[in-house]
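Trainee: I have just opened this one and would like to walk through it with you. Could you take my questions as they come?

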Amino acid sequence: MMNVSVLTRKDIRRRVVSFGSKYLIAVSLVCLALPFLNYFMGDPLDFTDYLSAVNFIFPILLPILAVHFLIDDQNTHIGDFFFKTKKGRRNYLLSLLLSAFALGIVAGMLLLIFSLVFQFGFQVTVPWEPVLLSIGAYLLCPLFYLSIALILAFFVKYEGVTLMTITILLLILLPILISIGAANIGLSFLFETPLYLLSFLGVGSFAAIDLVYTAFVILILYLIANWRIKKIDF
């Protein structure tokens, strides 16, 4: 029987290389359309158009892909291998976590590559601080929403379409509601939470220390999920 470490590596390649990377590459290329269209129409080539487009789409696409990794495993025989032992369950969560992190790395590398192309290939000034903050957000964004999905799956038993619907609502609707009404009802602290900072409205508009706080929140959520999965009778 294939050991857990080998299966974990195969899972990560299956999720990220064979599935997630294709979507991220396609989206990155599509986001080039606006700045290059403007360029061919005579306007100066503007990197901020590309960064704005990517920062709008990636914070939505990355969590959806990461949560899809979990949903894709539901109602399959993956539990027959992983969930027989506590070590197997821990390895399964680690496999999902590493897959989401690898997805963020792919997104960050794509942004970095295109930034270098703009700077050195087209001699366009690239604002590196927001680029680096965006890359940091891409690393944490899929981890955060995957952790929330794990909590919902293990504690509330949500799965499939229901779990993805809740994820999409958290991704799109909640940041809009926070932006519109949080300050008016005395909930301005919501602007400092990962639910806003990692959203399509918040990415690039925060300080580096906010990434540290977000990473701490993700760690807590992951530890809760890790504790819960060991208690479930599969």
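Trainee: What covers the buried residues of α7?

Mentor: The cover over the buried residues of α7 includes α3 (47-73), α6 (128-156) and α8 (194-197), where helices are DSSP runs of H or I with at least four residues, numbered from the N terminus. Keep in mind that this is a predicted model, in which local features need pLDDT of at least 70 and side-chain atom pairs count only at pLDDT 80 or more, while totals for chains, interfaces and linings use all residues. Residues are numbered from 1 along each chain as its sequence is written, and side-chain values use heavy atoms, with hydrogens and water left out.

Trainee: Which residues in α7 are buried?

Mentor: They are L163, M164, T167, L171, P175, I178 and G181, with buried meaning under 20% relative accessible area, exposed over 50%, and partly exposed in between, for a 1.4 Å probe and protein chains only. An α-helix has 3.6 residues a turn, so residues three or four places apart point the same way.

Trainee: And where does α7 bend?

Mentor: The bend is at L170, by about 35°, taken as the angle between axes fitted to the seven residues ending there and the seven starting there.

Trainee: Is Q123 buried or exposed?

Mentor: Q123 is exposed, with a relative accessible area of 65%, and T125, found in the loop between α5 and α6, is exposed as well at 69%.

Trainee: What does T125 touch?

Mentor: Leaving aside neighbours within four places in sequence, T125 is in contact with F47 and Q119, where contact means heavy atoms within 4.5 Å.

Trainee: How are the rings of F47 and F118 arranged?

Mentor: By the rule that Phe, Tyr and Trp rings (for Trp, the six-membered ring) pair if their centres lie within 6.5 Å, with planes under 30 degrees apart stacked, over 60 edge-to-face and the rest tilted, there are 14 aromatic pairs. The rings of F47 and F118 have centres 5.2 Å apart and planes at 75°, so the pair is edge-to-face. This pair links distant parts of the chain, with F47 in helix α3 and F118 in helix α5, 71 residues apart.

Conventions
Helix = DSSP H or I, 4+ residues; strand = E, 2+ residues; numbered from the N terminus.
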